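Biologist: I have not looked at this one before. Can you walk me through it?

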Amino acid sequence: MAAWNSTHVRHLVARTLFGYSKNDVSVAMSYGSFSELLDAALLKEIPAPAAPNAWVNTPPAASQVTSNEVGTWYREFNYWWFKLMYQEGLNMQEKMVLFLHNHFANERDKVQYPQNMYAQNALFRKYAFGNFKQLVKEISIDPAMLIYLDGNNSRGSVPNENYARELLELFTMGIGNYSEADVKQAAKVLSGWQVSGLKANFVAGRWYTESSVTVLGKTAKFDINSLVDHIFDQKATAEFLCRKLYKEFVYYKPNEAFVLQMAAVLRANNYEIKPLLKFLFSSEEFFTPAYLGSKIKNPTELMVGACKLLELPTPDYINMYELSKVLQMQLFQPPDVAGWPGQREWISSTTYSYRGGFSDSLITGKRYNGVAVSGKLVPVPYAQTFLNSENAVEFVDDVLALFLQFPVTAKKKAFLLETLLGGTIVKNWSTYTPGANVNLQQFFKAVMRLPEFQLC
């Protein structure tokens with residue numbers, strides 16, 4: 001078991017949440033052990049949130065597209081989810097919902113109706129800590145998925161293979177663990193479902209008529225449930241999911257020996273996700289020193305996390321929505337069925353500049369295009385929440401310890417201290433002096449533009 005200390009606790013909450021505030025770290029430390037923090041907070045079952053609005057139950061209609069109601073509703077949907085992330089406290093449910101959204105990636109441009117995407121989002125929330133096998137059974141007949149991967153209207157006589165292929169390749173087993181024949185036969189089993197408004201109905205006349213099919217070496221009259229059970233009986237399935245969880249939460253290059261340990265835990269718990277997550281976040285492997293601060297924050301982690309760090313009472317979710325498109329992570333619009341590739345793909349000469357522009361906007365109150373941002377930082381009162389706010393050297397240390405996951409060089413720290421002082425000497429620093437507000441603005445901008453701030 002890793003040592004219980006502030007470094008390890010910050011690492012845990014940085015990876016399992018969309019960032020944290022100073023108070024979040026303090027509350028997390030109050031639990032006293034990783035087991036208690038996981039059971040009582042991070043992995044605790046919580047009630048489903050209220051829906052963003054009544055439109056979630058409105059039957060889809062073409063008029064909603066032509067009137068651009070769907071565009072308005074998608075914006076509201078995004079703002080709603082950003083708010084859930086920002087107000088998550090010490091519970092990682094929303095982080096798992098985003099993981100599942102990326103794992104079972106669907107694009108709003110094809111699904112079209114936010115009502116269907118909302119139902120899918122709610123399904124991910126229902127199974128965030130639940131049974132992954134059951135989730136796969138339910139996602140296989142989810143209206144958004146049926147529309148996105150062309151299961152809608154797929155007939156057993158001429159089945160569409162798109163969902164069957166991605167079910168095996170991206171959602172459960174991975175390339176190399178199935179054949180083309182398996183895809184073709186599985187597609188027959190998965191046929192027969194038709195979307196009608198907010199629901200999907202099974203139409204027996206559209207299903208396959210053979211007495212049996214052969215998938216992954218087994219011949220049977222499969223239905224969706226028995227097919228998914230058979231897929232989850234394959235050794236590769238647990239390993240595939242655990243490898244993906246490892247890459248998301250631990251390190252982008254999997255330790256295959258540890259992935260096998262994770263897979264054993266997952267199978268032993270009949271594909272329940274919560275015991276696996278507790279095993280992972282309690283392991284020595286998760287706290288390997290080289291992994292601390294090794295993950296490039298995705299744009300959602302960066303934006304929500306920056307607002308949390310600065311303790312903004314009313315984050316500007318419109319600003320987040322607009323920047324999410326520029327930063328190439330618009331929620332409900334992944335690039336393709338494989339989802340966002342992540343890690344180094346998040347950073348380019350363009351996106352890096354806009355990342356800095358976003359954090360600047362929280363301090364200056366202006367977006368990159370000059371539009372005003374609501375809920376910007378008030379620097380002096382915020383700085384005074386730090387114990388050592390009146391000691392410039394210790395204040396810089398305190399801010400860096402909170403904002404970053406590993407120490408910066410002495411040269412960078414000296415630069416940040418000079419930025420804070422703004423030409424005065426250390427003994428003259430005080431948050432109560434004229435000009436402190438401007439100095440603090442420049443200081444926080446500089447900290448949040450560090451390459452190290454892009455990492456968690």
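This is a predicted model: local features need pLDDT of at least 70, side-chain atom pairs count only at pLDDT 80 or more; totals for chains, interfaces and linings use all residues.

Biologist: Start with the open spaces. How much space lies in the largest pocket?

Modeller: The largest pocket holds about 720 Å³ of space. Its lining is made up of 30 residues, and those nearest the centre are Asn102, Lys244, Glu248, Trp340 and Pro341.

Biologist: Which elements give two or more residues to that lining?

Modeller: They are α6 (93–103), α11 (162–172) and α14 (235–249). The most comes from α14, with 6 residues.

Biologist: And how do the lining residues of the largest pocket divide into nonpolar, polar and charged?

Modeller: In the largest pocket, 15 lining residues are nonpolar, 7 are polar and 8 are charged.

Biologist: What about the second largest pocket, how much space lies there?

Modeller: About 330 Å³. The second largest pocket has 14 lining residues, with Ala119, Asp142, Pro143, Leu198 and Lys199 nearest its centre. Its lining divides into 9 nonpolar, 2 polar and 3 charged residues.

Biologist: Which element supplies the largest share of the lining there?

Modeller: That is α8, with 4 residues. Both α8 (114–126) and β2 (199–202) supply at least two residues each.

Biologist: Let's stay on α8. What span does α8 reach from its first C-alpha to its last?

Modeller: α8 has 13 residues and reaches 18 Å, close to the 18 Å expected at 1.5 Å a residue.

Biologist: Why is α8 said to be largely enclosed by the rest of the structure?

Modeller: Because 10 of its 13 residues are buried. Among the buried residues of α8 are Pro114, Met117, Tyr118, Leu123, Phe124 and Arg125.

Biologist: What covers the buried residues of α8?

Modeller: The cover includes α4 (62–66), α5 (69–86), α6, α7 (108–111), α9 (132–139) and α10 (143–148).

Biologist: How many salt bridges does the structure hold?

Modeller: It holds 23 salt bridges. One of the pairs is Lys274 with Glu45, where the closest N and O atoms are 3.3 Å apart. This pair links distant parts of the chain, 229 residues apart: Lys274 sits in helix α16 (residues 273–282), and Glu45 in the loop between α3 (34–42) and α4.

Biologist: Give me another pair. Which side chain meets Arg165 in a salt bridge?

Modeller: Glu161 does, at 3.3 Å from N to O. Arg165 is partly exposed at 22% relative accessible area, and Glu161 is partly exposed at 21%.

Biologist: Which residues are linked in a network of salt bridges?

Modeller: Lys95, Glu248, Lys295 and Glu301 are linked that way.

Biologist: New topic, His8. Where does His8 lie?

Modeller: His8 lies in helix α1 (residues 6–16). It is counted as buried, at 14% relative accessibility. Leaving out residues up to four places away in sequence, His8 touches Ala2, Ala3, Phe34 and Phe287.

Biologist: Last one. How many cavities of 30 Å³ or more does the structure hold?

Modeller: There are 3. The largest cavity has a volume of about 140 Å³. It is lined by 16 residues, with Ala14, Gly19, Tyr20, Lys297 and Cys456 closest to its centre. The largest share of that lining, 5 residues, comes from α17. By type, 11 residues lining the largest cavity are nonpolar, 3 polar and 2 charged.

Biologist: And what volume does the second largest cavity have?

Modeller: About 60 Å³. The residues lining the second largest cavity include Ser140, Leu146, Asp150, Tyr163 and Leu190. Here α11 gives the most, with 3 residues, and the lining divides into 6 nonpolar, 5 polar and 1 charged.

Technical notes. Residues are numbered from 1 along each chain as its sequence is written. Side-chain values use heavy atoms; hydrogens and water are left out. On a 1 Å grid over the protein atoms alone, a cavity is a set of points where a 1.4 Å probe fits but cannot get out, and a pocket is an open set with protein on both sides within 12 Å along at least five of seven lines; lining residues have an atom within 4 Å of a point. Grid points are joined across faces, edges and corners, and a volume is the space filled by probe spheres set on the points. Ala, Val, Leu, Ile, Met, Phe, Trp, Tyr, Cys and Pro count as nonpolar, Asp, Glu, Lys and Arg as charged, and the others, Gly among them, as polar. The expected span of a helix is 1.5 Å times one less than its number of residues. Buried means under 20% relative accessible area, exposed over 50%, partly exposed in between (1.4 Å probe, protein chains only). Contact means heavy atoms within 4.5 Å. A salt bridge is a side-chain nitrogen of Lys or Arg within 4 Å of a carboxyl oxygen of Asp or Glu.
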